[in-house]
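This report describes a pocket, a surface patch and a set of charged pairs. The structure comes first, and the description follows.

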Amino acid sequence: MPPKEVVNQNVKLFNKAAEYCRRKGLYPEQLQQWKDELMQPGQREEQAEIKRLRKENQQLNREIARKNKALAEAAALLLLEKKLKALFDEENEAE
């Protein structure tokens, strides 16, 4: 069991916290929740990192879509060029 001084100190801290909550219109559970959140500082950084990665992912997906569109256009132009050359070759042979 913890020493009596530790228990007394915890009771005093709890009473001070309860008094503070009454003055500020808060609940002790809110203080505990805030304390728990502060004890896990990596959570905010993780959320920020997730947000940054999602934004980067969206940007990369847009870039991929843009490049795919450009590639499809280039392929269509090459195909037209090939057909045009074949057409002119046929006309030259017919003459």
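A salt bridge is a side-chain nitrogen of Lys or Arg within 4 Å of a carboxyl oxygen of Asp or Glu. The model shown is predicted, and a search of the whole structure finds 5 salt bridges. Three of them are listed here, including the pair Glu19 and Arg23.

| Salt bridge | N to O distance |
|---|---|
| Glu19 and Arg23 | 3.3 Å |
| Glu49 and Arg52 | 2.7 Å |
| Glu81 and Lys85 | 4.0 Å |

Glu19 and Arg23 are 4 residues apart in helix H1, so about one helical turn separates them. Glu19 is partly exposed, with a relative accessible area of 41%, whereas Arg23 is exposed at 57%.

Helix H3 holds both Glu81 and Lys85, which are 4 residues apart, about one turn of the helix. Glu81 counts as partly exposed at 41% relative accessibility. Salt bridges with shared partners also join Glu49, Arg52 and Glu56 into one network. Glu49 is partly exposed at 36%, and Arg52 is partly exposed at 43%.

Helix H3 spans residues 42–94 and includes Leu84. Together with Leu87 and Phe88, Leu84 makes a nonpolar surface patch of about 280 Å². The relative accessibility of Leu84 is 43%, so this residue counts as partly exposed.

The largest pocket contains about 150 Å³ of space. Its lining consists of Phe14, Ala17, Pro28, Leu31, Gln32 and Lys35. Helices H1 (4–24) and H2 (28–38) each supply at least two lining residues, and H2 gives the largest share, 4 residues. By type, the lining has 4 nonpolar residues, 1 polar and 1 charged.

Terms used:
Residues are numbered from 1 along each chain as its sequence is written. This is a predicted model: local features need pLDDT of at least 70, side-chain atom pairs count only at pLDDT 80 or more; totals for chains, interfaces and linings use all residues. Side-chain values use heavy atoms; hydrogens and water are left out. On a 1 Å grid over the protein atoms alone, a cavity is a set of points where a 1.4 Å probe fits but cannot get out, and a pocket is an open set with protein on both sides within 12 Å along at least five of seven lines; lining residues have an atom within 4 Å of a point. Grid points are joined across faces, edges and corners, and a volume is the space filled by probe spheres set on the points. Ala, Val, Leu, Ile, Met, Phe, Trp, Tyr, Cys and Pro count as nonpolar, Asp, Glu, Lys and Arg as charged, and the others, Gly among them, as polar. Patches are made of residues with over 30% relative accessible area and no salt bridge: like charges are joined within 9 Å, nonpolar side chains (Val, Leu, Ile, Met, Phe, Trp, Tyr) within 5 Å. Accessible areas come from the Shrake-Rupley method with a 1.4 Å probe; for residues, only the protein chains shown count as cover. Buried means under 20% relative accessible area, exposed over 50%, partly exposed in between (1.4 Å probe, protein chains only).
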